[in-house]
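Hi,

Here is the structure I promised to pass on. Have it open while you read, and my notes follow below.

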Amino acid sequence: MTTYEVESIATVVGGHTRVQDDYQGGVQSVIRLNEAYPLETLQGIDEFSHLTVTWRFHLAQPEDVQLHARSPRGNVRWPATGTFVHRNHRRPNQLAVSYPRLLSVDGRDLLVTDLDAVDGTPVIDLAPYFQEMGPRSSVRQPAWPGEMLTDYWRDAAERP
């Protein structure tokens with residue numbers, strides 16, 4: 001297999017303090033750009049409403065990876081699906097992509113909301129979200145993701 005070495009470009013500061021499956025909404029956090037990058041690398045980003053953020057499940061362990069079919073969240077009501085049908089830390093590279101809303105920019109700090117990463121998460125890549133680069137046609141998916149993620153973006157303040 002080919003391997004790649006990547007370095008984080010930023011770090012998540014604040015926001016979620018522990019890993020949770022649901023109630024990810026309404027939490028503000030900061031994506032702080034590493035000092036190695038000049039401020040000029042963020043020029044113009046404040047004109048966008050959303051970001052595309054690639055980040056690493058840094059609290060996961062290599063032994064968390066599961067290369068077999070299993071029911072999402074261990075719920076047998078949902079069909080067993082393969083490793084690459086899940087969007088969690090059990091995939092080989094333990095990476096995630098999120099689309100938080102950009103609220104403001106202050107120097108190296110990007111204030112965002114609805115970022116489902118925890119405090120201290122390394123950010124591997126960052127870009128504005130371009131609508132034109134989203135899906136070009138209707139999105140199709142089975143019913144189980146909608147059932148499983150009913151409360152995913154529910155406001156964190158509503159957590160029971």
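To start with, which residue in β2 is the bridge partner of Thr11? It is Arg32. Before going further, some housekeeping: this is a predicted model, in which local features need pLDDT of at least 70 and side-chain atom pairs count only at pLDDT 80 or more, while totals for chains, interfaces and linings use all residues. Residues are numbered from 1 along each chain as its sequence is written, and side-chain values use heavy atoms, with hydrogens and water left out.

**The sheet**

Strands (E, at least two residues) and helices (H or I, at least four) are DSSP runs, numbered from the N terminus. Two strands pair if DSSP finds at least two bridges between them. Seven strands form an open sheet in the order β4-β3-β7-β1-β2-β6-β5, and the pairing is antiparallel. At the edges sit β4 and β5 (101-106), each of which pairs on one side only. On average, neighbouring strands of this sheet are turned by 30° against each other, direction ignored; the axes here are lines fitted to C-alpha atoms, and angles run from 0 to 180 degrees between N-to-C directions.

Back to β1 (residues 10-13), where Thr11 sits. β1 pairs with β2 over four bridges and with β7 over two, again antiparallel. On the β7 side, Thr11 stands opposite Pro122. As a rule, side chains in a regular strand alternate between the two faces of the sheet. For burial, I use under 20% relative accessible area as buried, over 50% as exposed and anything in between as partly exposed (1.4 Å probe, protein chains only).

β7 also pairs with β3, through five bridges in the antiparallel sense. One of the contacts there has Val123 of β7 as the bridge partner of Trp55.

**Aromatic pairs**

Rings of Phe, Tyr and Trp (its six-membered ring) pair if their centres lie within 6.5 Å; planes under 30 degrees apart count as stacked, over 60 as edge-to-face and the rest as tilted. By this rule there are four aromatic pairs. One of them is Phe48 with Phe130, which is stacked because the ring centres are 5.6 Å apart and the planes are at 25°. Phe48 lies in the loop between β2 (28-33) and β3 (51-56) and Phe130 in the loop between β7 (122-128) and α1 (143-148), so the pair ties together parts that are 82 residues apart in sequence. Both count as partly exposed, Phe48 at 29% relative accessibility and Phe130 at 38%.

Tyr152 and Trp153 make an edge-to-face pair, because their ring centres are 5.1 Å apart and their planes are at 85°. Tyr152 is buried at 17% relative accessible area, while Trp153 is partly exposed at 45%.

**Pockets**

A pocket, on a 1 Å grid over the protein atoms alone, is an open set of points where a 1.4 Å probe fits, with protein on both sides within 12 Å along at least five of seven lines; lining residues have an atom within 4 Å of a point. Volume is the space filled by probe spheres set on the points.

The largest pocket holds about 1200 Å³ of space. It has 40 lining residues, and those closest to its centre are Arg87, Asn88, Asp116, Leu149 and Tyr152. β3, β4 (95-98) and α1 are the elements that give two or more residues to this lining, and β4 gives the most, with four. The lining divides into 20 nonpolar, ten polar and ten charged residues. Here Ala, Val, Leu, Ile, Met, Phe, Trp, Tyr, Cys and Pro count as nonpolar, Asp, Glu, Lys and Arg as charged, and the others, Gly among them, as polar.

The second largest pocket has about 360 Å³ of space. Its lining includes Met1, Tyr4, Arg56, Pro92 and Ile124, and by class has six nonpolar, three polar and one charged residues.

**Two positive phi values**

Gln94, in the loop between β3 and β4, has phi near 50°, a positive value in a residue other than glycine. Gln94 is buried, with a relative accessible area of 2%. Asp114 is not a glycine either, and has a positive phi of about 65°. Asp114 lies in the loop between β6 (109-113) and β7 and is partly exposed at 24%.

Cheers
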